[in-house]
Amino acid sequence: MSFEQRIPTILDLGFRKEAIDQLKAYIDLLWSSNEELNLISRKMTFDELLDNHVIDCLLPLKQFPTGIKTAADFGSGGGLPGVIYAIQFPEVQFHLYEKSNLKQNFLNSCKKIAPNLNVHGEIPKDLGAIDVVTARGFKPVDVILDVSRTYYAKKGKYFLLKARKEKIDEELVLARKKFKDLKVTIEPLKSPVLDVERHLVLI
């Protein structure tokens, strides 16, 4: 499976046609850097990178909040979904939080593809002026809210890419013990290329 063969699917999911070349440049950079940096599993095939990761990040694209200026991505790793969303939304400043120095270096190298990226280490106690927090494959919901308590207390918004509903429900039981006023919407997501269980968690 080549990137070009997946372009119709990528566009159907709402990705900007004029940013396709940037997306390809990022995927090529991620793929070529992975052997050295282990940004995603080294055993992964290029097909799996496209379908399990890139397409996965695009599933909730049409539900991404509009009219925002700043976003924070927790546990950015190889840039999924932070870099992809930064390419899609060039008018939004994306703040990527990643503890690993090696992965930070990789994310900084992505700035030549998406100049609206800002790369940081530890998540600060106060995020400042952020309009939405994104995360994929990062931590359970209660931990995500815990590390951003100040932001949550200011009625911050979260756009979390999760997998199985059963696991999400377990995470929410723990989260509601700590955050009594928690209001959550869970949206099922359907992959056009894989038979997998995916959900968007909106807080």
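I began at G79, which is buried, with a relative accessible area of 0% (buried means under 20% relative accessible area, exposed over 50%, partly exposed in between, with a 1.4 Å probe and protein chains only). This is a predicted model, in which local features need pLDDT of at least 70 and side-chain atom pairs count only at pLDDT 80 or more, while totals for chains, interfaces and linings use all residues. Residues are numbered from 1 along each chain as its sequence is written, and side-chain values use heavy atoms, with hydrogens and water left out.

I placed G79 in the loop between β1 (70–74) and α4 (82–88); helices (H or I, at least four residues) and strands (E, at least two) are DSSP runs, numbered from the N terminus. Leaving aside residues up to four places away in sequence, I found G79 touching Y26, I84 and L107, where contact means heavy atoms within 4.5 Å. I also looked up L39, 40 residues from G79 in sequence and 8.8 Å from G79 in space, C-alpha to C-alpha.

Next, the pockets. On a 1 Å grid over the protein atoms alone, a pocket is an open set of points where a 1.4 Å probe fits, with protein on both sides within 12 Å along at least five of seven lines, and lining residues have an atom within 4 Å of a point. Grid points are joined across faces, edges and corners, and a volume is the space filled by probe spheres set on the points.

I noted about 750 Å³ for the largest pocket. It has 33 lining residues, of which G75, R136, G137, F138 and K139 are the closest to its centre. α3 (46–58), β5 (158–162), α8 (165–178) and β7 (198–202) each supply at least two lining residues, and α8 gives the most, with three. By class I have twelve nonpolar, nine polar and twelve charged residues in this lining (Ala, Val, Leu, Ile, Met, Phe, Trp, Tyr, Cys and Pro count as nonpolar, Asp, Glu, Lys and Arg as charged, and the others, Gly among them, as polar).

The second largest pocket has a volume of about 240 Å³. I listed its lining as Y152, A153, K155, G156, K157, D181, L182, K183 and I203, which divide into four nonpolar, one polar and four charged.

Last, the whole protein. I recorded eight helices and seven strands. The C-alpha trace spans about 45 × 35 × 35 Å along its principal axes. Of the 203 residues, 49% count as buried. Among contacts between residues at least 6 apart in sequence, 64% join residues at least 24 apart.
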